[in-house]
Amino acid sequence: MRSRYTAFVLADADHLERTWHPRTRPERVQIDPDLTWTGLQIDRSTGGTAGEAAGTVEFRASWVTRSGERGILRETSRFERRGGRWLYLDGEVL
C-alpha cells in the first residue's frame, strides 16, 4: 500500500502498473497532474501476513490541487499475492 501511495506522489505510473493485478488493471494507468498527495494514514488492515494470499487495507490519503482545493480519499483496498508479490486488486471508496 505504501509503495503505491509513493508512486502516486512521484507520478510513477510504471510502478502502479507493475503492482496492479492484471485481471483488474486498466489498459493505461493515468495520474492526475493537478493533484499533489500530501499524506497517508493506514486505518486498518486484515490478512496480508506471510502465509496468506489476500489482504485488505483501509486508508485515508490527503491531497491538494493546484488551485488549493483539499480533500481526502478514503478507501478499502483489496490485495492478492501472486508469484510472491502483493498486487492491488481493487478498492471500495468509502
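This report covers the sheet, its hairpins, the aromatic pairs and the nonpolar core.

The model is predicted: local features need pLDDT of at least 70, side-chain atom pairs count only at pLDDT 80 or more, and totals for chains, interfaces and linings use all residues. Residues are numbered from 1 along each chain as its sequence is written, and side-chain values use heavy atoms, with hydrogens and water left out.

## The sheet

Four strands, in the order E1-E2-E3-E4, form an open sheet with antiparallel pairing. Strands (E, at least two residues) and helices (H or I, at least four) are DSSP runs, numbered from the N terminus. Two strands count as paired if DSSP finds at least two bridges between them. Strands of a sheet pair through backbone hydrogen bonds, either parallel or antiparallel.

Strand E1 (35-47) and strand E4 (85-93) are the edge strands, each pairing on one side only. From one strand to the next, the twist averages 30°. Axes here are lines fitted to C-alpha atoms, for helices over the stretch in contact, and angles run from 0 to 180 degrees between N-to-C directions.

Helix H1 (residues 2-10) packs on this sheet. H1 touches E1, E2, strand E3 (70-82) and E4. Contact means heavy atoms within 4.5 Å. The direction of H1 makes about 170° with that of E1.

## Strand pairs and hairpins

E1 and strand E2 (residues 54-65) run antiparallel, joined by 11 bridges. Ser45 stands opposite Val57 in E2. Thr36 has Val64 in E2 as its bridge partner. The E1 and E2 hairpin has 6 residues between the strands, and Gly48 in the turn has a positive phi of about 80°.

E2 and E3 also pair in the antiparallel sense, over 11 bridges. Here Val64 stands opposite Arg70 in E3. Their hairpin has 4 residues between the strands, and Gly68 takes a positive phi near 100°.

E3 and E4 run antiparallel, with 8 bridges between them. Arg81 stands opposite Trp86 in E4. In this hairpin 2 residues lie between the strands, and Gly83 in the turn has a positive phi of about 60°.

## Aromatic pairs

The model has 3 aromatic pairs. Rings of Phe, Tyr and Trp (its six-membered ring) pair if their centres lie within 6.5 Å; planes under 30 degrees apart count as stacked, over 60 as edge-to-face and the rest as tilted. Two of the pairs are tabulated below.

| Pair | Centre to centre | Angle between planes | Type |
|---|---|---|---|
| Trp20 and Tyr88 | 5.2 Å | 85° | edge-to-face |
| Phe79 and Tyr88 | 5.8 Å | 70° | edge-to-face |

Ring pairs link Trp20, Phe79 and Tyr88 into a cluster. Trp20 and Tyr88 link distant parts of the chain, 68 residues apart. Trp20 is in the loop between helix H2 (13-18) and E1, while Tyr88 is in strand E4.

Relative accessible area is 16% for Trp20, 11% for Tyr88 and 9% for Phe79. Buried means under 20% relative accessible area, exposed over 50%, and partly exposed in between (1.4 Å probe, protein chains only).

The charged end of Arg4 sits over the ring of Trp20, 5.0 Å from its centre. This label requires NZ of Lys or CZ of Arg within 6 Å of the ring centre and within 35 degrees of the ring normal. Not counting residues up to four places away in sequence, Trp20 touches Arg4, Arg25, Pro26, Val29, Leu87, Tyr88 and Leu89.

His15 lies in helix H2. His15 is buried because its relative accessible area is 18%. Leaving aside neighbours within four places in sequence, His15 is in contact with Ser3, Arg4 and Ala7.

## The nonpolar core

The largest nonpolar core has 12 residues in all: Tyr5, Ala7, Leu16, Trp20, Val29, Trp37, Val57, Phe59, Ala61, Trp63, Phe79 and Tyr88. Such a core is a set of buried Ala, Val, Leu, Ile, Met, Phe, Trp, Tyr and Cys residues joined through side-chain atoms within 4.5 Å. H1 and E2 are the elements that give two or more residues to this core. E2 supplies the largest share, 4 residues. In soluble globular proteins, nonpolar side chains tend to be buried together.
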